[in-house]
Amino acid sequence: MVLFEHFTPSPIRCVLPHQQFWVLTRIRSQSYEASSFRFQDLRKARFSGHYELLTSFLQSEKKVLSRVILCPYLLSFKCVAPNLNLLIDNNVATFNIIQILHKTPYRNIICSSSLGKTVQEVKDLGFDPSKSYFGVTLLAKNNVSKSKWDEKIDTYKRWGWSEEEVFEAFRRQPSCMLASNDKINRVMQFWINQLGWDSSYLVKGPVIFSYSLEKRVIPRASVLQYLLSKGLRSKRASLLLPFMISEKQFLQKFVKCFGGEETSQLMKLYKGKMNSIEDIGAQGNHDMSGS
């Protein structure tokens, strides 16, 4: 099914001078910095129909212009319209396509000649193109090279995960494969070596790898450890939920609800100066090698 055949640019077509002038004028009228936009890419563009196509998805001229400034190839690459058709033919939901267009690095995935291969790889991992997570999953898979992908799997496995658990975590939270190896190691070191908790918990809550260790994970963990040591929280209660809720909810449920001296002590723990990540890493490095 080809929905945008009339948008597919022909090599013999060229941008009409008045169309170039109109787009450039609209960009400048939005007060964008000209230095951040590669005007030469637009002037060379064969984008007949691309602007209208992008507008049909983004529903806003301003949003289209902001995407074009970051990625002029959206107007010039011949594979843009075929790739959008590819996503539609694979039943990728419209909101996922919009999400992909909004996540625009200089070279957007929509401009990739290997998009079809990436879509198939993600589907083979068990992801449903119609679900809301497919867009971020596709971006994650596209942004990590084969070698980096394998490195991240090996890093997780060194901390006790099986390959099946890595893919389970990826299905739950695709962004866990966007975390750097250093971030994975630091989170695991803190979770296992400092807290003494099993790494298998993180398979069910891999979103924790996308949180700030210093601003979120460590402060909240210190509160949980205090509550557990004082018998104020059941050892059978979820270890993951406290990290996933908003700060307002966390303070209400785990700090302010006790009142008096207890709340004062918990707030001191939460707001207090935490050990540096460097110290945490130094204490846990020997465990990574199994020594």
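In this predicted model, helix α8 (residues 115-124) has Leu115, Thr118, Val119 and Val122 as its buried residues. Buried stands for under 20% relative accessible area, exposed for over 50% and partly exposed for in between, with a 1.4 Å probe and protein chains only. These residues lie on the same side of α8 because they cover an arc of only 100° around the axis; the arc is taken from the directions from the helix axis to the C-beta atoms.

**Helix α8**
- The exposed residues Lys117 and Asp124 sit on the face of α8 turned away from its buried side.
- α6 (80-89) and α9 (134-143) are what the buried residues of α8 pack against, where contact means heavy atoms within 4.5 Å.
- Gly126, with a positive phi near 100°, follows α8.

**Helix α7**
- In α7 (residues 94-102) the buried residues are Asn96, Ile97, Ile100 and Leu101.
- Viewed down the axis of α7, they fall within an arc of 140°, so they line one face of the helix.
- They pack against α3 (50-58), α4 (61-70), α5 (73-76), α6 and α9.

**Whole protein**
- The protein has 18 helices and zero strands; these are DSSP runs numbered from the N terminus, helices being H or I of at least four residues and strands E of at least two.
- Of its 291 residues, 46% count as buried.

**Basis**
- Residues are numbered from 1 along each chain as its sequence is written, and side-chain values use heavy atoms, without hydrogens and water.
- Local features need pLDDT of at least 70 and side-chain atom pairs count only at pLDDT 80 or more, while totals for chains, interfaces and linings use all residues.
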